[in-house]
Amino acid sequence: DLVTWPRARGPWWRQAPWTRVLSRSGASLGLTSPGARVARTRRTLARIFRWLNVPRTVLYVGKPGGYRCIVSQDGEGRRYLQFGWDSAFQSVRGQGFPLQLELEYTQGMVAGVAFVAQPRRILMVGVGAGSLPMFLRAALPQVHIDAVDCDAEVLDVARRYFDLREDSQLRLHLEDGRRFIEAPGPAYDVVLLDAFGPRGVPRSLATWDFLRAVRARLTPEGAV
């Protein structure tokens, strides 16, 4: 069943954002606590108020644990992917899909492609809802794109709710990003690193060894 946030009725509140802020005993929000706890609380509250300011219809709620995909849609037809009720938006698909990128960080990432005059192969590590791979597929139809994600649910949600489509030029791979890069394979003109889970960048993708492996998969004039 569809659930409209924040106007839904029934047991929706058991999974609502504020259950991540209040303890079971109803303790205080911890706004006066020092250090990281204060920062986490502020970020969580900011995300809750963003939900309240823009009512959205919840289309899909994934299983607890892991990434827990949540898909919602606002009154103007924009769809949002989050990993958990209180997380940032991972992807947003608007009316201009696929040639309009809604999130600023995706607009900045795609600018990296301009560092290569005539890219032939692009690798994306981290798919999310597929906004970037689909943009690149539409904007650069002659380029082969490999998009890698380690979570089967994420890829399934991208296909079902965000119109992510494979073809001969856009290939999806269900695999750990580091293992994919470290395995033998073709060189890429551009590598876009967009793997970001509920707790940030996975540790295995945030090491010097991983970045050296990425560099080894680049063409001589390639860019990351």
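Cys 150 has a relative accessibility of 48% and therefore counts as partly exposed, a class that lies between buried, under 20% relative accessible area, and exposed, over 50%, as computed with a 1.4 Å probe on protein chains only. Cys 69, by contrast, is buried because its relative accessibility is 0%. A search of the whole structure finds 0 disulfides, a disulfide being a pair of cysteine sulfur atoms within 2.5 Å.

The model is predicted, so local features need pLDDT of at least 70 and side-chain atom pairs count only at pLDDT 80 or more, whereas totals for chains, interfaces and linings use all residues. Residues are numbered from 1 along each chain as its sequence is written, and side-chain values use heavy atoms, with hydrogens and water left out.

Turning to the strands, β4 (residues 79-83) and β5 run antiparallel and are joined by 4 bridges; strands pair if DSSP finds at least two bridges between them. Helices (H or I, at least four residues) and strands (E, at least two) are DSSP runs, numbered from the N terminus. Leu 81 stands opposite Ser 91 in β5, and 5 of the 5 residues of β5 are buried. The two strands β4 and β5 form a hairpin with 5 residues between them, and in the turn Gly 84 has a positive phi of about 105 degrees.

Another loop, between α4 (152-162) and β8 (170-174), holds Asp 163. The phi of Asp 163 is near 60 degrees, a positive value in a residue other than glycine, and Asp 163 counts as partly exposed because its relative accessibility is 32%.
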